[in-house]
Amino acid sequence: MKRVTAFVGSARKKHTYNTTRQFLDNLQSLGDVEYEIVTLSDHRLGTCKGCQLCFDKGEEFCPLKDDRDVLIEKIRASDGVVLASPNYSFQVSAIIKIFLDRLGFVFHRPHFFGKTFTSIVVQGIYGGNKIVRYLDFVGNGLGFNTVKGSCVTALQPMTEKEKQKIDKVLARQSRRFYERLVKPAYPVPTLFGLMAFRMARTSIRLELDENTRDYVYYKDKGWFESEYFYPTRLGALKKAAGRLFDSIQTKRTRSRHS
Ligand SMILES: Cc1cc2nc3c(=O)[nH]c(=O)nc-3n(C[C@H](O)[C@H](O)[C@H](O)COP(=O)(O)O)c2cc1C
């Protein structure tokens, strides 16, 4: 049994909600999946004040008292996560952005490894594909194993042809997502993923110290010595590339301080 949680960033239960539900129903028709749809606007989420206490000292020092941890617990309990947003003014809706800002510390200390992620964007006319790329980038940054998201156009009234197009896009995305969900959850990193890890960890090792949460987190996880966030088999080329990324970042950091 695989558990999937979808976070929906539209306050009304209309196109974004229905599209997400169709995607999740498709998953259920492919295998043993249970799901929950979380409408973010039904939860209390404060607007980040920018104090950065979560980065420096730890997320438990955040002055906002809202439902952040309830929502994080839902992610922790899931094998798969969907972020679904309407296109508002060529970007995600405000509640999605507020939610992502509340997860800001996770970009510093990624921890959703082994969980499959995808995005769904619903638009009236134009601009959604860029938002999908943004959300997929964000998914990777949070540590998820990301399956390319989809943008669907739900302009009313909808013709039969338009409806069929949405069905096709969602059927394809659900298949890809399901296949990833049931595969081994810890894939070999892409070159970009490897670069992001090696440069971040080198920078944290050289720039920070035991007084910061990021440093302690990386140290406790063994990430200053490991090849990647989790055990993986890098080929000779990626091993060499990893060493190169470490050394480039070392030089960059030293030149900042010279
Ligand atoms: C404030 C606002 C801004 C919007 N901006 C865009 C936009 O930039 N591009 C677009 O294609 N659709 C835009 N739309 C249309 C919505 O993306 C579209 O109606 C979508 O289906 C809404 O999702 P919902 O039915 O789940 O509420 C906007 C809608 C609203 C309410």
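This is a predicted model: local features need pLDDT of at least 70, side-chain atom pairs count only at pLDDT 80 or more; totals for chains, interfaces and linings use all residues.
Reader: How many aromatic pairs does the structure hold?

Author: The structure holds 19 aromatic pairs.

Reader: What describes a pair of aromatic rings?

Author: Two quantities are used, the distance of the centres and the angle of the planes. Take Phe23 and Phe177: the ring centres are 5.5 Å apart and the planes stand at 75°, so this pair is edge-to-face. The cut-off behind that word is an angle over 60 degrees.

Reader: Where do Phe23 and Phe177 lie?

Author: Phe23 is in helix 1 (residues 15-30) and Phe177 is in helix 7 (residues 160-182), so the pair ties together parts that are 154 residues apart in sequence.

Reader: Is Phe23 buried or exposed, and is Phe177 buried or exposed?

Author: Phe23 has 0% relative accessibility and counts as buried. Phe177 also counts as buried, at 0% relative accessibility. The term applies to residues under 20% relative accessible area.

Reader: What kind of aromatic pair do Tyr186 and Tyr230 form?

Author: Tyr186 and Tyr230 form an edge-to-face pair, at 4.9 Å centre to centre with 75° between the planes. Tyr186 belongs to the loop between helix 7 and helix 8 (191-207), and Tyr230 to the loop between helix 9 (213-220) and helix 10 (236-257), so the pair ties together parts that are 44 residues apart in sequence. Tyr186 is partly exposed, at 47% relative accessibility, whereas Tyr230 is buried, with a relative accessible area of 11%.

Reader: Which residues form one aromatic cluster?

Author: Tyr186 and Tyr230 are among them, along with Phe113, Phe197, Tyr215, Tyr217, Tyr218, Trp223, Phe224, Tyr228 and Phe229.

Reader: Which ring does the charged end of Lys57 sit over?

Author: The charged end of Lys57 sits over the ring of Phe61, 4.3 Å from the ring centre.

Reader: Where is Arg102, and what does Arg102 touch?

Author: Arg102 is placed in helix 4 (residues 94-102). With a relative accessible area of 5%, Arg102 is buried. Leaving out residues up to four places away in sequence, Arg102 touches Leu45, Gly46, Cys62, Leu64, Asp66 and Arg68.

Reader: How many residues line the largest pocket, and which lie nearest its centre?

Author: The lining of the largest pocket has 32 residues, and Asn140, Gly141, Gly193, Ala196 and Tyr228 lie nearest the pocket centre. The elements giving two or more residues to this lining are helix 5 (104-108), helix 6 (128-141), strand 5 (145-146), helix 8 and helix 9. Helix 8 provides the largest share, eight residues. The space in the largest pocket is about 800 Å³.

Reader: How do the residues of that pocket lining divide?

Author: The lining of the largest pocket has 20 nonpolar, 10 polar and two charged residues.

Reader: How many cavities of 30 Å³ or more does the structure hold?

Author: The structure holds one cavity of 30 Å³ or more. The largest cavity has a volume of about 40 Å³.

Reader: Which residues line the largest cavity?

Author: The largest cavity is lined by Phe7, Ile75, Val81, Leu83, Phe99, Leu100, Leu103, Phe117, Leu142 and Phe144. Strand 3 (80-86) and helix 4 are the elements that give two or more residues to this lining. The division for the largest cavity is 10 nonpolar, no polar and no charged residues.

Technical notes: Residues are numbered from 1 along each chain as its sequence is written. Side-chain values use heavy atoms; hydrogens and water are left out. Rings of Phe, Tyr and Trp (its six-membered ring) pair if their centres lie within 6.5 Å; planes under 30 degrees apart count as stacked, over 60 as edge-to-face and the rest as tilted. Helices (H or I, at least four residues) and strands (E, at least two) are DSSP runs, numbered from the N terminus. Buried means under 20% relative accessible area, exposed over 50%, partly exposed in between (1.4 Å probe, protein chains only). A charge sits over a ring if NZ of Lys or CZ of Arg is within 6 Å of the ring centre and within 35 degrees of the ring normal. Contact means heavy atoms within 4.5 Å. On a 1 Å grid over the protein atoms alone, a cavity is a set of points where a 1.4 Å probe fits but cannot get out, and a pocket is an open set with protein on both sides within 12 Å along at least five of seven lines; lining residues have an atom within 4 Å of a point. Grid points are joined across faces, edges and corners, and a volume is the space filled by probe spheres set on the points. Ala, Val, Leu, Ile, Met, Phe, Trp, Tyr, Cys and Pro count as nonpolar, Asp, Glu, Lys and Arg as charged, and the others, Gly among them, as polar.
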